[in-house]
Amino acid sequence: MSAFRQLLALSSAMMLAAPAYAADPITIGIPVGLSGSNSVVAPSVVQAAQLAVDEINTKGGVLGRKLALEIADDASGAIGAQRAFDSLLFQKKVDVLISMETSAARNAGLPAVNKSKTPYIYTSFYEGKSCSPNMFVDAWVPAQQVPPIVDQFMTANKAKTFFMIGSDYSFGRGMLSFTKEYIEKKGGKVVGDEYLPMDGTDWTPIISKLRASGADALITSTAGGAPNVTLTKQLRAAGVTIPYGNLAVDEGTAKGMGADATGIYISASYVTGIDSPENKAFLAAMAAKFGADLKTPNDLSVPEYEAVYLYKAAVEKAGSLDKAKILAQLGRVSFKGPRGVVTMDKQHHASLTMYLGQVQADGSVKVAKSFPNVDPGAQCPKL
Amino acid sequence: MNGAAVLTLGLDIVTTAAILFTVATGLLIIFGVMKIVNFAHGAFITLGAYAGLVASELGLSPWLGLPLAFLAGAACGALVERCVVRPLYGRPLDAILATWGLGIIIGELLTLVFGREVQFVGSPLSGTVDVLGEAYSVYRLFLVVAALIVGGGFAWLLGATRLGLATRAVIMNEDLARGLGINAGWVRFITFSLGSGLAGLAGALITPLSSVDPNMGVPWLLNAFMLVMVSGASLGALLAASVLLGGAQVVISSLASPILGGLTIVVLAALLLRVRPKGFAR
């Protein structure tokens, strides 16, 4: 069903691109993991981009030209990304790339981006410190996601000792080593950190260690999907009730987990429950456009939506489609979207409003607190 | 290490062994009778887990999911025996290839029907119970009971029924059994269905601890395969292997690192087979 829709979107994009006259559309390339590990979230990203493009086109486009999408599957990995980036940049000759991807795919695609000097807005939260003069990031890095949860546990829950559990891969370990640093900087103590291989599902020995450690609070960063779910279920089955912050759970997964997820703290730059007129308008427009096929907007799809508007603002400010001029503007322009005001002015990264949410009994996420303008820190000091 | 930690470690070992035993039994009986390794075992585990998922989505009691999962596994196993495995009895290597491929096909079919995402089944038993002053997961303790029922039922089937007698005869000497008028083809059909059914049941039993996704059976298949390799065709040997190798896994995970723990069963099984090619089997 969704493959059919993507085909439809693709072919309509191609039809738009076909006639060659003065007002060719401005093409936005979206390399994204329609297959592979990102396939669960990729359709929501494409939908968010489609809404942004539609909205902009009905209001007259950008510099009098329409926007069009070119979507390419990167299979969520490095090899697919090289192919997708090459075809978008050198065959389709897109004007800009805007997409969320795995870190492996982003790293594999960057050389092609740098070679063609095409602006690239990366819209996925990631482990941080990936720098290129052509790349801007409008999503969070660990320095923005971790502090809200730790601060909440140390002040509201009076936690002094922390236990950390993760999946054994670079993002999981990176997140938790940052978390450990932050906890210790704030005067807390990490009494244990344990990792399980990514395909591991039996957390029993780790949970026994957690209980023996007597920690006041727990912070986890597992791979998405199965490891996250199995850990949470086994924690609940073992009767673990200490404050529990999960750095890897999103709203959809939390909802699916049912009662086991109740009480979990999450930290994100977007949750559907954000109480702002921009977010309400965005959610209503998404529902009107996609109806029953709507993929719930999330922390990976909303940055995509906003990035299209950020690109529009940069092009308008540059006054032309000259790539160097647009790149010079991308770090200056702002857009007030569902997540609040976003400006990618911090060494190609953005200060963001971070939301601390707590999963409720019905699976929804309630915003417990918001932290405006959380700085990404020094991500790319050389840019 | 204090008393409470030792107690928890002991409980972890017993419950882990019970889970491994339950997951490996179905593979063991098929290997014992048919001398082929059913590499679709992991897919049958996954199938059983989805049967449990369907039961819970229909609003049935989580307990009903268990027999349903057994039936789903057994029905699928019966079909597979007829269409795929039967022509390959004399060709164990081809059977490995066929069942491995079959496992992939079942996984993809499940993906087509249920989607790739991770799904969830509620637990029939939740919370903890006091064991000598230590709170411990009720469901993990229940799995020990389930393993005993599976093992006991299976031992009874083999030891006290006519079918069991015929099965043992086929295991010992198939040609002779055939000469005595035992329908070896029928025994194989029943065995394969039963083994697949047990895989399905195991799938439904482990889902309350884990999640349901199209590839969930694969890690279980590897451990079950190793356990069966060191156990031969003996249920008692499988029990011993589950307790010893599973126990070693828990101890190494708890005292050293869970990453090393994940390797324990595979490494120990390989070493064991090097030193004692018959493994735990007498």
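Mentor: Read from the N terminus, the elements of chain B run α-α-α-α-β-β-α-α-α-α-α-α-α. This is a predicted model: local features need pLDDT of at least 70, side-chain atom pairs count only at pLDDT 80 or more, and totals for chains, interfaces and linings use all residues. Residues are numbered from 1 along each chain as its sequence is written, while chains are lettered from A and ligands numbered from 1 in the order in which they are written.

Trainee: How do you know that chain B agrees with a compact globule?

Mentor: By the same test: a compact globule of 282 residues would be near 19 Å, and chain B has 19 Å, so the two agree. The C-alpha trace of chain B spans about 60 × 45 × 35 Å along its principal axes.

Trainee: Why is helix H7 (residues 204–213) of chain A called largely enclosed?

Mentor: Count the buried residues. A residue is buried if 20 or more other C-beta atoms, placed from the backbone, lie within 10 Å of its own, exposed if 12 or fewer, and partly exposed in between. In H7(A), 8 of the 10 residues are buried, so the rest of the structure largely encloses this helix. Those residues are A:Thr204, A:Pro205, A:Ile206, A:Ile207, A:Ser208, A:Lys209, A:Leu210 and A:Arg211. Just after H7(A), A:Gly214 takes a positive phi of about 65°. Over the whole of chain A, buried residues make up 52%. In chain B, 49% count as buried.

Trainee: What makes A:Lys158 exposed?

Mentor: A:Lys158 has 10 C-beta neighbours inside 10 Å, so it counts as exposed. A:Lys158 is found in the loop between helix H5 (142–155) and strand S6 (161–167) of chain A. Its phi is near 55°, a positive value in a residue other than glycine.

Trainee: How do you know that B:Leu132 is exposed?

Mentor: B:Leu132 has 10 other C-beta atoms within 10 Å, so the label is exposed. B:Leu132 lies in the loop between strand S1 (128–131) and S2 of chain B. B:Leu132 is not a glycine, yet has a positive phi of about 50°.

Trainee: Why are H2(B) and H3(B) called oblique?

Mentor: Look at the angle. Helix H2 (residues 41–57) and helix H3 (residues 62–85) of chain B pack at about 140°, with axes 8 Å apart. Axes are lines fitted to C-alpha atoms, for helices over the stretch in contact, and angles run from 0 to 180 degrees between N-to-C directions. Under 35 degrees is roughly parallel, over 145 roughly antiparallel, 65 to 115 roughly perpendicular, and the rest oblique. H2(B) and H3(B) are therefore oblique to each other.

Trainee: Why are H10(B) and H11(B) called roughly antiparallel?

Mentor: They pack at about 155°, with axes 7 Å apart. H10(B) and H11(B) are therefore roughly antiparallel. B:Leu245, B:Ala248, B:Gln249, B:Ile252 and B:Ser253 in H10(B) meet residues of H11(B) including B:Pro258, B:Leu260 and B:Gly261.

Trainee: What makes a residue nonpolar, polar or charged?

Mentor: Ala, Val, Leu, Ile, Met, Phe, Trp, Tyr, Cys and Pro count as nonpolar, Asp, Glu, Lys and Arg as charged, and the others, Gly among them, as polar.

Trainee: How many residues does each chain bring to the contact of A with B?

Mentor: Chain B gives 32 residues and chain A 28, with contact meaning backbone-placed C-beta atoms within 7 Å. On the side of chain B that touches chain A, the largest share, 5 residues, comes from H1(B). That side divides into 12 nonpolar, 15 polar and 5 charged residues.

Notes
Contact = placed C-beta atoms within 7 Å. Helix = DSSP H or I, 4+ residues; strand = E, 2+ residues; numbered from the N terminus. Rg over C-alpha atoms; globule rule 2.2 N^0.38 Å.
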